[in-house]
Every structure is written in structure tokens, then in C-alpha cells.
Amino acid sequence: MTLIVLDRDGVINQDSADYIKTVDEWIPLPGSIEAIASLSRAGHQIVVATNQSGLARGYFDLDDLEAMHARMRALVEDAGGEIAAIFYCPHGPDDNCRCRKPKSGLLDAIEAEFDTSLHDCWLVGDSLRDLQAGLEKGCKPVLVRTGKGEQTLQKLIAEPEPRLADTAVFDDLAEFARFLLG
């Protein structure tokens, strides 16, 4: 069993500077649902780890978040796959919690839930904080160009971070899945 950790906004679904606040605003990126389903069918366990500070900011409530996640799960199941678990940080950036990426609390929780180490597992994100959280746990970081990914890539080119020098870069989650499944 291999775990693959995915960020949500900008990796699986469209991101928005105004936050994704409702199930109607939760729009999957082209190919992302089938990518998750194909990885799942190939025997990988897919886990989502997402910062959701919109909860702390009052932009949406837990029912809204659960509706978005129910839609995501249903679409993946309709495509023949499964999301093993979804972990989210409900805190704002100033709350100084342990679970908000780039801190590793969400990943610690995943390790505890699945009784495994994330060392050498793939972690796919579109932001620097996703990649940094993965590095803290020894994950293999993957940057997708969707969401904030292109901006993140340009920042890494302008200001290289040595620990992220080996980060794999893909156009989107679908391209990563094709690479992994060969």
C-alpha cells in the first residue's frame, strides 16, 4: 500500500483568491478526478491534506466543507476510485496551530491514522507550503503547474530552495498520474 498525499485547492479543484465557499464553487480541474480514480484503482491510497482557513475566517461553515468533500468523493467513486481520507486544517494563518501547512501536523495525523510513515511517499501540491510540509516528513515533493503552481515554480526559479531542487514538476495531476502509472 502506497499513500499519495494531495493538496486540494489548485491540485484537484480550481482555486480562487476569494476562497472556495460552496459546493457550487467547487469545480474539479480537467482530468483530476480520473487521475485520482486511476491512482486508486492501481492500488494507491489517496489522502487529501488541505488548509481551509476559510472556516476560521467565517467564509463558509463545516457543512459547506463537508458538502464539497462529499462531492469530491462521489465524483471519484463514480470514476471507479476512492479517496481514503481527507484531512484539513480549519485554522487561520495567525492561529499558530500545528496543522496548518507548511507545518507537518496534518501529515502527522495521516501517519497516525494509517499507522505508517510518509517517508518516501509522494506529496502533490501547488504551493511552497505544501512542498515544505512534505519535506518535513521526508515525502517526495511534486509541484503541479495548476492553481498557484506556476507562480510557485517561478518563485523557486528566482529564489532556489536547495531542499526542493529535486522536486518533480508536472502540468497537472493527470500528467503526474500518467507518469506514476507508466
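In which loop is the place of Pro102? Pro102 sits in the loop between β3 and α4, the latter spanning residues 105-114. Please bear in mind, colleagues, that this is a predicted model. The peptide bond leading from Lys101 into Pro102 is cis, and its omega is near 25°.

The loop between β3 and α4 also holds Asn96. Phi of Asn96 is positive, near 55°, although the residue is not a glycine. With a relative accessible area of 62%, Asn96 is exposed. A further non-glycine residue with positive phi is Tyr19, at about 75°. Tyr19 belongs to the loop between β1 and α1, and its relative accessibility of 23% makes it partly exposed.

I turn now to helix α1, residues 32-41. Of its 10 residues, 8 are buried, so the helix is largely enclosed by the rest of the structure. Among the buried residues are Ile33, Ile36 and Leu39. The cover over the buried residues of α1 includes the strands β1 (2-6), β2 (44-51) and β3 (83-89), together with the helices α3 (62-78) and α7 (173-181). Just after α1, Gly43 adopts a positive phi of about 105°.

Finally, the cysteines. The count of disulfides is 0. The sulfur of Cys97 has its closest cysteine sulfur in Cys89, at 3.6 Å; because a disulfide requires sulfur atoms within 2.5 Å, this separation is too far for a bond. Cys121 likewise takes part in no disulfide, the nearest cysteine sulfur being that of Cys139, 6.2 Å away. Cys97 is buried at 12% relative accessible area, and Cys121 is buried at 8%.

Technical notes
Residues are numbered from 1 along each chain as its sequence is written. This is a predicted model: local features need pLDDT of at least 70, side-chain atom pairs count only at pLDDT 80 or more; totals for chains, interfaces and linings use all residues. Side-chain values use heavy atoms; hydrogens and water are left out. Buried means under 20% relative accessible area, exposed over 50%, partly exposed in between (1.4 Å probe, protein chains only). Helices (H or I, at least four residues) and strands (E, at least two) are DSSP runs, numbered from the N terminus. Contact means heavy atoms within 4.5 Å.
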